[in-house]
Every structure is written in C-alpha cells, then in structure tokens.
Amino acid sequence: MPIRETSDRMQAPADETLLTTCPRDCYDGCGILVRKRAGRIVSVRGDPAHPVSRGRLCGKCATAYNREWIDPRARLLQPARRAGVKGTGVGETVSWEAAIGEIAARLARIESASGARSILNVHYTGTTSLIAGAFPMRFFHRLGATEVAPDTICNMAGHVALKYLYGTSTDGFDPRTADRASCILIWGANPHASAPHAHAHWLRETDAALVVVDPIRTPTAARADLHLQPFPGSDAVLAYALMHALWRRGAIDHDFLARHALGWEEIEPIVTACDPLSAAEITGVPAAAVEEAARLYARGPSLLWLGQGLQRQPSGGNVMRACALLPAVTGNLGRPGCGLLYLNGNLERRGIDPQYLSAPGLARPGAPRAISHMDLAAVLEDARRARGLIVWNMNPLASCPQQARLRRALAREDLFTVAIDLFATDTTAYADYVLPAASFLEFDDLLASYFHYSLSAQVKAADPPGEALTNQEIFRRLARAMGYAETELYESDAAIIERLLAGAGDSGGFASLAAQGTRWVAPDPVIPFADLRFPTPSGRIEIASSAAAADGLPRTAQCRADPRPAAGRLRLLSPAHAWLLNTSFGNVARIEARLGEATIALHPADAGSRGLRAGDRVSVSNEFGALLLKVEHSADLPRGVALAHKGRWLEAGGNVNALNGGAKSDMGESTSVHGVEVTVAPALCSATDIS
Ligand SMILES: Nc1nc2c(c(=O)[nH]1)N[C@H]1C(S)=C(S)[C@@H](COP(=O)(O)OP(=O)(O)OC[C@H]3O[C@@H](n4cnc5c(=O)[nH]c(N)nc54)[C@H](O)[C@@H]3O)O[C@H]1N2
Ligand SMILES: Nc1nc2c(c(=O)[nH]1)N[C@H]1C(S)=C(S)[C@@H](COP(=O)(O)OP(=O)(O)OC[C@H]3O[C@@H](n4cnc5c(=O)[nH]c(N)nc54)[C@H](O)[C@@H]3O)O[C@H]1N2
Ligand SMILES: [Mo]
C-alpha cells in the first residue's frame, strides 16, 4: 500500500505558516508545516526542510490531521457527565468547574474510604510530547494512585532483557551512522508500516546490505537483500544458529569478549552445538539463509535494529537477550556503523531529566507498586482493589488484552471512571466523566524522537476547539481542587519548556527551536558505548547476568523456542498497520473506508485445509473470545501463522484484542500478544451473535 499523502490538492492560500512536530508513538517524529489563514489551519503537511518527513506526511497522519483532528464536529468539545448506562457513551455537558469539582470530591471520598491506591492510573503514549506525556504523573505521584506500568502493553520484556545484557535499553546506534555500515539487520520490526519515513529514505539511501528477520514477508522484508522467515517465537534459536555460523567463519571477536564481556564461556557450548541445520527444524529458516546472513553481518561494521514486535512473545525477553548478543560476540559496538537499536529513548542524552518532568519525589512513603497491563482487567473487576480509574493518552478497551473481561469490569457501576481524550472512543463510552483534550496542534511542547537523536518543538497552531484543555492543564486544575500545595503541580508549560531547554543547552529558547522545528542532539552522530564501558553492575556486557539469576531467570539467554501451536490452531500476529497508528485513526472516516471490513490473512494452504476461500467470513476464536473476520489469502505468511492487524476500534463487538488472553512474557510482566493462538472456522453465525 503506498504511504504518501492521500491528496495532492493545490496548496491552499495561506497568510501564515509555522513548523511543528508529530508526536504520535512512531519512530519517525516528522517535521510538520502548518499553513493558516485568518487564524485557522488550512493544511497540515510534511515540512520540506525536515530531514525525516521531507515535505510529506505518511498517508494516515496526512488524512487524519487535515480532517477529524481539526474538525470540531469530530472532536470532544466540552466536559461531560455520564447520563446513561455505562458503555453507551450518553452524557450531558457540564462546565469545567463542575466536572473538576465533582471529580476531585469523588477521588477524595475514594481515598478516605479505601486509599488512593484503589485509584488506577491508566496511560500510555496517545501523545508522546514531553509535558503532555509526563506532567500528569506529578499529580498521580502526589495522589498515590496505582499506576498501570505503561510499557507492559508494548515493550517491557525487551527493556528488561537489554538492561541485563548492556545495562541500558535506550542508548541505540545513531541512524546517521548508517553510511558507515556494511550491513543493517532488521530483526522483528516492519518500518514500512511503523517507521514509514525511515523506510522510504533512511533504508533506501544506505549502501549497506539489508537483512530482515520476520515471520511475515512484509514490504520491508520483500525489499531486503535477504529475508529470514522464522516461525514466531523461535528467534532465540535462530540467533544461536547465526552465532554458530559466525563462529564457524571465525567471526567471533574473542579479544573483544575477553575485554568487554562477562560469560562468553557459559554460552560457547550452546553456540557450538546449535548448528543451522538442526536449528532449521525449529525455526523453519534454511541453513543456507543463516549462513548468508552470517556472511553479510560478519563483514561489519553492522547495525542491528531490534523491533518491538520481536519481543511480544511468551519467551520475548529470552528472544531479545539472545538476538542482542550478535553485536557483543562480533565486537560490533562503540564505533560508527556498529551497534544495536531498540528505542533511543534516553532523555538524558538530550540534557533532559525525566525525573524533573514527572516528579516521583511527590510520592509519599508506601506508594503502591505498579501493576501490569496484563492484570488490568482482573484488578478492575475487583472492587476491593479498584474503586476509581483515570484514563488518559490511551484507549485501553481497544488496545489491552482480555477485552470481554475488561468491558465487563469497565461496566461496574461502582467503578468511578474519568477518561480524557480528543475523541469519543470505545473507552470513553464507559466513563462517568469524559474530559476533552487539546491536540498537539493546539499547544506548545517539546519532543524527543525514539529513533533519531533529535529534539523538536511542538508549536501551537490553533486554539483548542470548544473548551478542550491540555492534559497538563486538566491535572493542574484537579490538583487545585484536591487542595494540593506542592508547587510542582502548578508549574506552567512555559516555565517547564524554558527549564528543559536550558538543560538541553538551547540558549535561544523555545522561539529559536520553533523556528528550526527539529535539531540534532549534537552535530556529529552519537556513538553509544564509545568508551566500551557499559552501565551494568560489572561495567561489562553481561552475557551471563547475576542480576537475571537473582530475579529467578537463567543466567544467560537460552537456546529455545516457544512451543508450536496445538494441532488445528494458528499463531495470530497483530502488528502495526500502515494506515493506523495504534488505536488512533480508527475513527477517521477515510481511513475506515480504505480499510473496509476487518480481515484475517491466512497462508493459502491453511485456508485450503479449512475449505476457506478469499472473501469468506470466518469465526476466529479461542478460550478468550471470538471475532468475525473476512479471509484473505497470503503467501507472505508461513504456514501456521495468521495475521490480523492491531488498531481498529470495536466494530461488531470487538477487535483483535478480544482474542488476546493477556498471557505475560517471560520478563517485565509484559505483553506476549504475538503469541496468541486461534482456531479459524467458517462462520456459522453473524457478528452480532458473537458479541
Ligand atoms: N493486538 C495487539 N494489541 C496491541 C498491540 C499489538 O501489537 N497487538 N500493540 C500494543 C502497543 S505497542 C501499544 S503502544 C498500545 C497502544 O495503545 P493505545 O495507547 O490505546 O493507543 P494510541 O493510539 O497510542 O492512543 C490512545 C488514545 O490517545 C488519544 N490521544 C491522542 N492525543 C492525546 C492527548 O494529547 N491527550 C489525551 N488525553 N489523549 C490523546 C487518542 O485519541 C487515542 O484515543 O497498544 C497495544 N495493543
Ligand atoms: N503505522 C503504524 N506505525 C506504528 C504503530 C502503528 O500502530 N501503526 N505503532 C507504533 C508503536 S506503539 C510501536 S510499539 C511500533 C511497533 O513497530 P515495530 O517495532 O515494527 O513492531 P510491530 O509492528 O509490532 O511488529 C514488527 C514485525 O515483527 C514481526 N514479528 C512478530 N512476531 C515475531 C517474531 O516472533 N519474530 C520476529 N523476528 N518478528 C516477529 C511482525 O510480523 C511484524 O512485521 O510502531 C509504532 N509505529
Ligand atoms: Mo507500542
């Protein structure tokens, strides 16, 4: 599917233009050019001078930002109080004063009756700008609410695994060093969908050989020099087979390992035993392809991009720990063109103190431990543990596991629920109070890409529609109504931006960054681990980790795969779709029309053995739920694997998360959503029967 602006309309006449930055949870972090006329936005496009967007937004953002996102008829405009049955979304508008006063009174009552820990704080990255993403945490720390650990829905297993090995998960290679690489290995990421500009420019402009490891022949994989197509969850075995092939060709850097790593001797016997031929029986990847990947990677310098899809497996932490060994065993670290990347999220590299932003110091002794998103439904249905719920920057009913159970829990009359969003969503329909949020086009903020080492300005282009307020202003008002005295709770956006920019060394202040849009953290590329010191307990790469052992995990990455699905079942992958961005844009009419009915893609042989033709309606089910989907045949999938993308809203009673039982991965209490197994059979009933 082409990723480009959906219309090449004549540029609307404008009397003012300004630069801003896209804050979606996306690797790209595009620069945006907003054109205004008579104070109103007339177009939102890619900034031609921006190194990432280069004058074009992706199709999904260009569509949404020029339509529903700036259309007051589509947006939430005023606070509303529930006036109907939970789930119907029926409410009556109320003033901000009334809404904030009533919410504060309810929260105070819950706190005195059952403790603030019985109020759940559910949030993620609906917007990733720094203040709108983190400032509300100041309020929640002060309140003493139970946080639902945000990364457990996305990438926590990978973070935990990389910290054991390298001491950090957020200091990846600088993409600008790609010109020095002879090979780029993309393992379990699909930038064609999830980083469309990196796919269109960064990957196209490199001379490096491109190797992609993905169970699906994605457009990213199809364009690569080499595609390895393992069965999902078997990547740790593939990683060991690759290390075996590297060992055979003398590409293991023993000198580097002796000086900078601990524990090679503990995995050496596994490496030497895991020959690509035996591994092929588990992974499905032919030995010759592994040998070829080893040849390309061994040439070096080589970059390794470890995607987030990679670790959303039952053994996702182990997978990440095994795959991330490659740079260590070949000495591909600390030099330009070398290294690995998971998420370049380290704010301190930009001179920004994350603790300042979210003020954990406001928490009082005995603050509750965070829970996992995998436990959200169970906790919410338990009246002893959950009396209140505040949701912001997230649409959990569409994005979280155990959808049917979560829906029942949200319907609890005695669960006091507040939801803050731009739009009326599946989740806001269950809230007692729905509060309208301002979009990124409506306030100033700062952004740090998690792929590029950059800092960007988010610049106010218009007033919020109706009475919508920024997340941070909503929580300032709530703090005031709760009678809190701490000054951190009231710090203004302008003061925060000034302080952040001073820390980041931007002497020109916000106006200067806003004129520029985006700047690199430093003119020269960042080289992580240049001194070959690692922030682990030993200061070395911990191939064998005592910290992991102390947490009850194996000392080293294991050479094992998730079990294959039981007979008759398929493993269901639900990764990012090129025209959706998580659950955002699931309500954009043009995108809905383009996507049409929700589908499940099956290998032609898996479809054939079930007597299913393309276009048939099927019931996709397991012990957690059932969905009615339309069949597509796809030879891009291996046998035994089905594909239904994430990000749709709950049409016909549910979306793909109706099938997600919420099993935790092996590390970080994180999601293993790509480990879901389903049965696919001809539909015998209609979608409404199923719901
Ligand atoms: N089956 C399956 N499920 C998945 C995944 C998967 O791979 N498969 N992936 C998971 C992953 S990786 C993630 S990150 C989660 C994401 O899941 P979500 O966090 O639920 O999705 P988002 O689209 O990021 O954002 C949710 C909401 O934020 C709102 N929003 C946007 N800007 C603002 C703002 O400024 N203020 C407020 N208050 N709201 C705003 C949007 O309108 C949207 O409703 O989904 C997870 N769910
Ligand atoms: N267009 C678009 N862009 C997005 C998002 C979106 O929803 N839409 N979501 C954003 C968010 S929150 C995130 S976290 C990122 C995620 O973006 P990515 O890091 O690219 O991760 P995913 O899209 O979950 O999955 C990427 C690939 O991993 C593959 N995969 C699944 N299981 C396995 C496995 O066992 N082994 C291997 N080797 N590969 C496997 C899938 O087939 C898929 O092609 O994208 C961000 N960007
Ligand atoms: Mo994510």
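Analyst: The chain is built from 26 helices and 26 strands, where helices (H or I, at least four residues) and strands (E, at least two) are DSSP runs numbered from the N terminus. This is a predicted model, in which local features need pLDDT of at least 70 and side-chain atom pairs count only at pLDDT 80 or more, while totals for chains, interfaces and linings use all residues. Residues are numbered from 1 along each chain as its sequence is written, and side-chain values use heavy atoms, with hydrogens and water left out.

Turning to the cysteines, a disulfide is taken as a pair of cysteine sulfur atoms within 2.5 Å, and by this rule the count is zero. For Cys 274, the closest cysteine sulfur is that of Cys 559, and because the two are 3.7 Å apart, they are too far for a bond. Cys 338 is likewise in no disulfide, the nearest cysteine sulfur being that of Cys 183, 11 Å away.

As for exposure, buried means under 20% relative accessible area, exposed over 50%, and partly exposed in between (1.4 Å probe, protein chains only). Cys 274 counts as buried because its relative accessibility is 9%, and Cys 338 counts as buried because its value is 5%.

Among contacts (heavy atoms within 4.5 Å) between residues at least 6 apart in sequence, 77% join residues at least 24 apart. The C-alpha atoms of the chain fill a box of roughly 70 × 65 × 60 Å along the principal axes.

Definitions and conventions
Chains are lettered from A and ligands numbered from 1 in the order in which they are written.
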